[in-house]
Amino acid sequence: RSSESTTIQTTTTTMRTMQTIQTTRNSTRHPFCRRKSSPTMKKKERTTQTTATLKNENTTRTPVTTTVGALIQDAKTVEEILRAACDSLLLEGEETLHFHFQDVHRQKNKSASVNGLKRLAKMMCSSSGSYEKKTKTKNNERIGGIVRLIKGASLDGTKTTNRKKRASDGIDALRATASLLVSLFDEDEDEDEDDSDTSREELRNACDELVRRVREDAEYFSDGDRIVFDWALRVIESNIASSSGETTATSERRGDATITVDEFPFRYVTPNISNVLKNITVEDLRKEVPFKAEKLITRTGKRVDERRETCFVAESGIGGLAYSGKIMEPTLLNEASLPLVTTIRNAIVEALKNDEDYAGCDIDFDCALMNLYPDGSSACAWHTDPEMGTVWDRDSVIVSIGETRRFAFRKLAGGGDKTQNDGEEEQVWVRVHHGDCILMRDDCNDNWEHCVFGKENDSNNAARISLVFKKALSRGGGRKKGHGTNSKEKKRAK
């Protein structure tokens, strides 16, 4: 009996020791890894214990650092985006940790940079600069942040990235960069010369590197990418051209036979007529031209108010312009009655004749459809210009005055059937600024349609005027050029 009693006591002591060890282990484990509590423990007590433990652990957890991509995406102002570019964006040579050199990390920095450029271009697109009054100091500060974003968009090392997507991202970066350059330097006349030269040199170097990187993926460009690439290089050249005459990546465009746009019937062109347009404003043209709003008939036969105001101007001997169920009687176009319109017409004709890039565009335009978009809500839906090649010459040019707007083209589906476009065709668009031009030639209005989008933000709400210069064709049989404006001719046109 003494032996049995000793054995029982030993066993009891061992069991108690094991329970104590297990309890100690449980207390040091994560709450989700602990063994279940004793069946006798009340459910409410177990829940309270687990919740309390989780709260204690949450209070000591290290906070997650916000990425540069999130900072740029969540930014509400221009300055917040630029601050993120300066403080959080990692460029080549700034890596400090081993994972900074990984492709995935560089791709994140590159994507954030492209997004930053796109968001900045959208925020700063207002031609009036009303998003924020410009000063020399702020402009110079902005240039530093923009340069970092352009360098970020040029980052290499993304070996696993889809080349076609990389090409598309590069075009997005170039399009945004070109828009930003116009916004930065459209009011730089009073800028300190030394600061201006330094800023342009930094931008030129960054832009040259971006162009080289984007050009590496030229074989993956879509048709729209090629058109935007051509336009962006023209804008970059005109805004930050080298005063030393050195050959840069952007000025090599004319010698690059792999990226051509000659086969397309439209171009976003940049003729040098800035000296004529810099002192002509929307208000000046509104005072000179008798704009008015009229009714239109839609494709479905519905009669609606036109969102824009229009006026057709033409030289003597040219009749009216017909579209969407109306015939517009012409206002006489000459230097005495419309001096500003005549000056713009003469300047664009001369510029296109003398520019080697537009050789062959030797047209003496004799009329123009003028469109006034009073604010950011007035736009123009997808359409083609009627009677091109029959009543009017196939070549026309649009000059944009005033506020910045996105101007887009897309190919008509169904072999030019204007009723069959399902909206899935590639949209080719750029921002047209004050003085920018669009050249439409040959079968452009047979196989492509175009549109003008509304405002991109609340500050992009000023008025814009487009001048669509045309040339009237002789119709034979002694008939007047254009459309007659008597009742019989109007009825025939409709």
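Close-up 1. The bridge partner of Thr310 in β8 is Asn371. Strand β4 (residues 309–314) and strand β8 (residues 367–373) run antiparallel and are joined by six bridges. Strands count as paired if DSSP finds at least two bridges between them; strands (E, at least two residues) and helices (H or I, at least four) are DSSP runs, numbered from the N terminus. The model is predicted, so local features need pLDDT of at least 70 and side-chain atom pairs count only at pLDDT 80 or more, whereas totals for chains, interfaces and linings use all residues. Residues are numbered from 1 along each chain as its sequence is written, and side-chain values use heavy atoms, with hydrogens and water left out.

**Close-up 2. The four-stranded antiparallel sheet.** An open sheet has the order β9-β14-β11-β12, with antiparallel pairing. Its edge strands, β9 and β12 (427–432), each pair on one side only. From one strand to the next, the twist averages 15 degrees. Strand β9 (residues 380–383) is joined to β14 by two bridges, and His383 stands opposite His450 in β14. Strand β11 (residues 405–411) is joined to β14 by five bridges. Opposite Val452 in β14 stands Phe407, and opposite Cys451 stands Ala408.

**Close-up 3. Burial of strand β14.** All five of the five residues of β14 (residues 448–452) are buried, so this strand is largely enclosed by the rest of the structure. Buried means under 20% relative accessible area, exposed over 50%, and partly exposed in between (1.4 Å probe, protein chains only). Both faces of β14 are covered, with Trp448, His450 and Val452 on one side and Glu449 and Cys451 on the other.

**Close-up 4. Cysteines without disulfides.** The structure holds zero disulfides, a disulfide being a pair of cysteine sulfur atoms within 2.5 Å. Cys451 is in no disulfide; the nearest cysteine sulfur, that of Cys380, is 7.8 Å away. Cys451 is buried, with a relative accessible area of 2%. Cys125 is likewise buried, with a relative accessible area of 2%.

Close-up 5. On a 1 Å grid over the protein atoms alone, a cavity is a set of points where a 1.4 Å probe fits but cannot get out, and lining residues have an atom within 4 Å of a point. The lining of the largest cavity has 15 residues, of which Lys110, Ala153, Arg166, Arg213 and Asp217 lie nearest its centre. Helices α5 (103–123), α7 (163–185) and α8 (193–215) each supply at least two residues of this lining. The largest share, five residues, comes from α7.

Methods: 1 Å grid on protein atoms, 1.4 Å probe; cavity = no way out; pocket = protein on both sides within 12 Å on 5 of 7 lines; lining within 4 Å. Axes fitted to C-alpha atoms, helices over the stretch in contact; angles between N-to-C directions.
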